[in-house]
Amino acid sequence: MCCCCCCSSGGSDPIFEDKQALIDFVNNFSHTRPLNWSDGLNVCDGWEESVAATMDRGLQRLDWAELDSVIPDLYLPNLHQLNLANNSLTGIVPKSLQRFPASTTFYGNNVTALSDVHSPSPAPSPRRWSKRGRKLGGHALMGIIIGACVAAILGMLLLLLLVMLWCWKRNGKTVLSRKLMRKAGNSLPEKGVSRGQDGTRLVFLDGCCYSFDLEDLLRASAEVLGKGTFGTTYKAVLEDVTSVVVKRLKEVSVGRREFEQQMELVGRIRHENVVELRAFYYSKDEKLMIYDYYTQGSVSALLHGMQVENRITLDWDTRLKIAIGAARGIACIHTQNGGKLVHGNIKASNIFLNPANYGCVSDLGLTTTLMNPPGVRQISRVAGYRAPEVVDARKTSQQSDVYSLGVLLLELLTGKSPVNATGSDEVVNLVRWVQSVVREEWTAEVFDVELMRYPNIEEEMVEMLQIALACVVRMPEQRPKMSDVVKMLEEIRRLEPGNHPHSTSKSGGSTPSPLAIKAQSSSSPK
Ligand SMILES: Nc1ncnc2c1ncn2[C@@H]1O[C@H](COP(=O)(O)OP(=O)(O)OP(=O)(O)O)[C@@H](O)[C@H]1O
């Protein structure tokens, strides 16, 4: 044991009180080993010099002193070090000695420090104390404080970094559900589905190869592809990197039953020139249609857009295939539902390229059944393709589909949009412009200049022009049937079975151009 007191050189009273107290302290212990401490010893001399020396000359050490009683409660205000380690003391550490660290002072005894009883935190480890087992040094304390501060700052930085990383990941992906939630106000369609309320669910149509559910879809990152007549269309990338197109319908007036019937009718169509509807979803607040994503974009984007990834040049062969494919797709649609199904919205942004680069028709069957009474905007969006007899967008017919296909053929031939605003605010209608140019026998001038670099295609272009003009005649009953249009288009070039046109051009290398090339008209759109 070591006991030491702070004392002044003048031998003030407290010292002697302490000395007496220490003697009493020792006397109160029962111990077997002799202690060489007595009234005659000049305690203060040694204590002033150093604690260790004091211990040697004064009390000696009381560790290993074989003390074996309870610890007496003594008043020793000047005692600042005490070592009763490795004795056989028992009981509770008295109040006057509780200021000494129990883990070192009473180490090796069978005593209970009150701090052990009341405090849940363990006594400080001896290692954290100074070399001599005394107070923490100033440097050590400073080190601990600095270390704790550095650890806290690092911890906060790490936390901040994790939060930033999480936010970044969330922002990088614009989650489809957030978009839907924002637009749908308080209605959260996915909640209904995940809980199976209302019978709402994502319905996959026969033959669909996808295995995601609505939860996956709503978690997918989404990008707006455009806003169309029926709502907003998104490209959604699922966690397994499958891309699908989600059409979020707005202003659908029909009830669940009618909607499902229409979706199932459309979803049954399996044709290489019809974009398959993969799945649909109906709830009171949300109506969704799911399609495959076409990476090349629509024919409209390929013809007129500038920023389509992997843009392919629409050469004549491709344009011919687009025309044939689109006509075949529409003809197939016209055979459905007892030969009564109408597409109702044929336009270049609804035609895509299938793997063989043939036209593939999307977005069918929405106009006639699902659309609310048309507003001005809905009519104007399809204005360039709309047959003159269609005053109500819901009253489209198979003949009006033929008219719209005719406009698409003109678009492919001219490279011009169906409706063009000129510099002088004049709106030029493609059909009327082509009709007037042909009437003037300036036929060659209608063709897209980009096509002029392909040799020996003039005859084919003229044939297609004639078919297009037949489709856009004013009187619906004078227009050819879609199945006839298909035949006529296929006649332009002899076809191999399937979707591939024959490689040899019917016009051949020696066919003279039938066209009278004249100067370009200033009224040309675009
Ligand atoms: N399956 C698809 N793959 C790739 N792009 C698509 C797909 N479906 C639609 N898009 C594109 O998304 C955009 C928005 O399509 P959406 O059908 O909503 O409008 P729209 O075709 O411009 O007009 P409408 O609603 O009258 O058909 C269009 O550019 C369209 O070409």
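Select Ser349 and the ligand. A polar side-chain atom of Ser349 sits 2.9 Å from a ligand oxygen atom. The protein covers 90% of the 600 Å² of accessible area that the ligand has on its own. Accessible areas here come from the Shrake-Rupley method with a 1.4 Å probe, and for residues only the protein chains shown count as cover.

A word on the model: it is predicted, local features need pLDDT of at least 70, side-chain atom pairs count only at pLDDT 80 or more, and totals for chains, interfaces and linings use all residues. Residues are numbered from 1 along each chain as its sequence is written, and side-chain values use heavy atoms, with hydrogens and water left out.

**Stop 1: the ligand shell**

One of the polar side-chain atoms of Lys247 lies 2.6 Å from a ligand oxygen atom.

Colour the shell by residue type.

**Stop 2: the whole chain**

Zoom out and switch to cartoon. The protein chain has 18 helices and 14 strands. Both are DSSP runs numbered from the N terminus: helices are H or I with at least four residues, strands are E with at least two.

How much of the chain is buried? Buried residues make up 47% of its 526 residues. Buried means under 20% relative accessible area, exposed means over 50%, and partly exposed is in between (1.4 Å probe, protein chains only). The chain exposes about 27000 Å², with carbon and sulfur atoms supplying 54% of it.

**Stop 3: the cores**

Select Leu405, Leu409, Met464, Val485 and Leu489. They have the most contacts inside the largest nonpolar core, which has 82 residues. Helix 12 (residues 316–339) gives the most to this core, with eleven residues. A nonpolar core is a set of buried Ala, Val, Leu, Ile, Met, Phe, Trp, Tyr and Cys residues joined through side-chain atoms within 4.5 Å.

Centre on Val485. Leaving aside neighbours within four places in sequence, Val485 is in contact with Ala327, Val402, Leu405, Ile467, Cys471 and Pro480. Contact means heavy atoms within 4.5 Å. Another core lies apart from the largest one; this other core has 18 residues, among them Phe212, Leu214, Tyr234 and Leu288.

**Stop 4: buried loop residues**

Select Glu286, in the loop between strand 9 (277–282) and strand 10 (287–292). Is Glu286 buried or exposed? It is buried, with a relative accessible area of 0%. The Glu286 side chain makes a polar contact of 2.7 Å with that of Arg248. A polar contact is a pair of N or O atoms within 3.5 Å; within protein, one must be able to donate a hydrogen and the other to accept it, and residues adjacent in sequence count only if both atoms are side-chain atoms.

Move to Asn354, in the loop between strand 11 and strand 12 (359–361). Asn354 is buried at 6% relative accessibility. Asn354 and Tyr294 are 60 residues apart in sequence and 8.3 Å apart in space, C-alpha to C-alpha.

**Stop 5: two positive phi angles**

Most residues other than glycine have a negative phi. Select Val241, in the loop between strand 7 and strand 8. Val241 has a positive phi of about 60° although it is not a glycine. Val241 is exposed, at 64% relative accessible area.

Finish at Glu441, in the loop between helix 16 (430–439) and helix 17 (458–471). Glu441 also has a positive phi of about 60°, and is exposed at 56% relative accessibility.
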